[in-house]
Amino acid sequence: GGQHAENVEEDKKRSLFLESQGYKILRLWNNEVFEKMEGVLQAVLTVLNEASPTPRPSPPKTGARRKTKGP
């Protein structure tokens, strides 16, 4: 939303970090999300269709541990 215009440097740092972890940044205006959901979903679908099946590099797995069965 519009609040990002006030924090350009913070957003830039966050975006660079997320992209370095393999994420794609898609910025949308709040009113688009609330008023034009079909267009938003189409934009997301377009980005997903252009992406490789597995992000390169895959985002790190943090905080998630698999439970294992004990003896």
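Visitor: In which helix is Ser15 found?

Guide: Helices here are DSSP runs of H or I with at least four residues, strands are runs of E with at least two, and both are numbered from the N terminus. Ser15 is found in helix H1. This is a predicted model, in which local features need pLDDT of at least 70, side-chain atom pairs count only at pLDDT 80 or more, and totals for chains, interfaces and linings use all residues. Residues are numbered from 1 along each chain as its sequence is written, and side-chain values use heavy atoms, with hydrogens and water left out.

Visitor: Is Ser15 buried or exposed?

Guide: Buried means under 20% relative accessible area, exposed means over 50%, and partly exposed lies in between (1.4 Å probe, protein chains only). Ser15 counts as buried because its relative accessibility is 12%. Of the 71 residues of the protein, 7% count as buried.

Visitor: Which residues does Ser15 touch?

Guide: Contact means heavy atoms within 4.5 Å. Leaving out residues up to four places away in sequence, Ser15 touches Ile25 and Arg27. The side chains of Ser15 and Arg27 are also joined by a polar contact of 2.4 Å. A polar contact is a pair of N or O atoms within 3.5 Å; within protein, one must be able to donate a hydrogen and the other to accept it, and residues adjacent in sequence count only if both atoms are side-chain atoms.

Visitor: How many residues does helix H1 have, and what follows H1?

Guide: The expected span of a helix is 1.5 Å times one less than its number of residues. Helix H1 (residues 8-20) has 13 residues and spans 18 Å from first C-alpha to last, close to the 18 Å expected. After H1 comes Gly22, with a positive phi near 100°. The protein has three helices and zero strands.

Visitor: Which residues form the nonpolar patch on the surface?

Guide: Like charges are joined within 9 Å, and nonpolar side chains (Val, Leu, Ile, Met, Phe, Trp, Tyr) within 5 Å. Here Leu26, Val44 and Leu48 form the patch, with about 240 Å² of accessible area together. Such areas come from the Shrake-Rupley method with a 1.4 Å probe; for residues, only the protein chains shown count as cover.

Visitor: Where are Val44 and Leu48 placed?

Guide: Val44 is in helix H3 (residues 37-50), and Leu48 is in helix H3. An α-helix has 3.6 residues a turn, so residues three or four places apart point the same way. Val44 is partly exposed because its relative accessible area is 31%, whereas Leu48 is exposed, at 56%.

Key
Patches are made of residues with over 30% relative accessible area and no salt bridge: like charges are joined within 9 Å, nonpolar side chains (Val, Leu, Ile, Met, Phe, Trp, Tyr) within 5 Å. A salt bridge is a side-chain nitrogen of Lys or Arg within 4 Å of a carboxyl oxygen of Asp or Glu.
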